[in-house]
Amino acid sequence: QVQLVESGGGLVQAGASLRLSCLGSERTLSRYAVGWFRQATGKEREFVGAISAAGEITYAADSVKGRFTLSRDNAKNAVFLQMEAVKAEDAAIYYCAEGGLASYRSRDAAADHRCYDVWGQGTQVTVSS
């Protein structure tokens, strides 16, 4: 079973950029769609975006659309979340996850955390004003 490790979190100033990475332990990550979720303190887990195995389909939550971009480098077993114009409300622990599917048929399906069964440990993003 592939293991996922997120990295790239840290302290970022509001309005700045940050890139998160999700690295798979095995080459099989290239076969699967990957979702990004986040959870702020005291709040429920929230869908951020998802990218299909080949990278041709991406979904993004309305709260990040136009600011966050998903991409992947399957040769490196890596998926990326490029965050631009970061806001205070983006502060959270960010998780990547995969559910054994190459793609999701809709954003609603991709956003359902029950469709994922492998999760990383998360990376903290803190936003300063």
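This is a predicted model: local features need pLDDT of at least 70, side-chain atom pairs count only at pLDDT 80 or more; totals for chains, interfaces and linings use all residues.

Residues are numbered from 1 along each chain as its sequence is written, and side-chain values use heavy atoms, with hydrogens and water left out.

Start with the strands. Helices (H or I, at least four residues) and strands (E, at least two) are DSSP runs, numbered from the N terminus, and two strands pair if DSSP finds at least two bridges between them. In general, strands of a sheet pair through backbone hydrogen bonds, either parallel or antiparallel. Here, four strands make up an open sheet with antiparallel pairing, in the order S1-S3-S8-S7. The edges are S1 and S7 (68-73), each of which pairs on one side only. On average, neighbouring strands of this sheet are turned by 15 degrees against each other, direction ignored; the axes behind that value are lines fitted to C-alpha atoms, for helices over the stretch in contact, and angles run from 0 to 180 degrees between N-to-C directions.

Now zoom in on S1, residues 4-7. Its covered face holds Leu 4 and Glu 6, while Val 5 and Ser 7 are on the uncovered one. S1 runs antiparallel to S3 (residues 18-24), and four bridges connect the two. Val 5 has Leu 23 as its bridge partner in S3, and Glu 6 stands opposite Cys 22.

That brings us to the cysteines. Counting a disulfide as a pair of cysteine sulfur atoms within 2.5 Å, there is one disulfide. Cys 22 is joined to Cys 96, S to S 2.1 Å, and the link is right-handed, with 75 degrees about the S-S bond. It connects distant parts of the chain, since Cys 22 sits in S3 and Cys 96 in S9 (residues 92-98), 74 residues apart. How accessible is Cys 22? Its relative accessibility is 0%, so Cys 22 counts as buried. Cys 96 is buried too, at 0%. Cys 115 is in no disulfide, and the nearest cysteine sulfur, that of Cys 96, is 16 Å away. With a relative accessible area of 27%, Cys 115 is partly exposed.

Last come the charges. Side chains of opposite charge can pair when their charged atoms come close. A salt bridge here means a side-chain nitrogen of Lys or Arg within 4 Å of a carboxyl oxygen of Asp or Glu, and the whole structure has six. One of them pairs Arg 38 with Asp 90 at 2.9 Å, N to O. Arg 38 lies in S4 (residues 34-39) and Asp 90 in the loop between S8 (78-83) and S9, so this pair ties together parts that are 52 residues apart in sequence.

Another salt bridge links Asp 62 and Arg 107 at 2.8 Å, N to O. Because Asp 62 lies in the loop between S6 (58-60) and S7, and Arg 107 in helix H1 (residues 107-110), the pair ties together parts 45 residues apart in sequence. Asp 62 is exposed at 57%, whereas Arg 107 is partly exposed at 28%.

Definitions and conventions: Buried means under 20% relative accessible area, exposed over 50%, partly exposed in between (1.4 Å probe, protein chains only).
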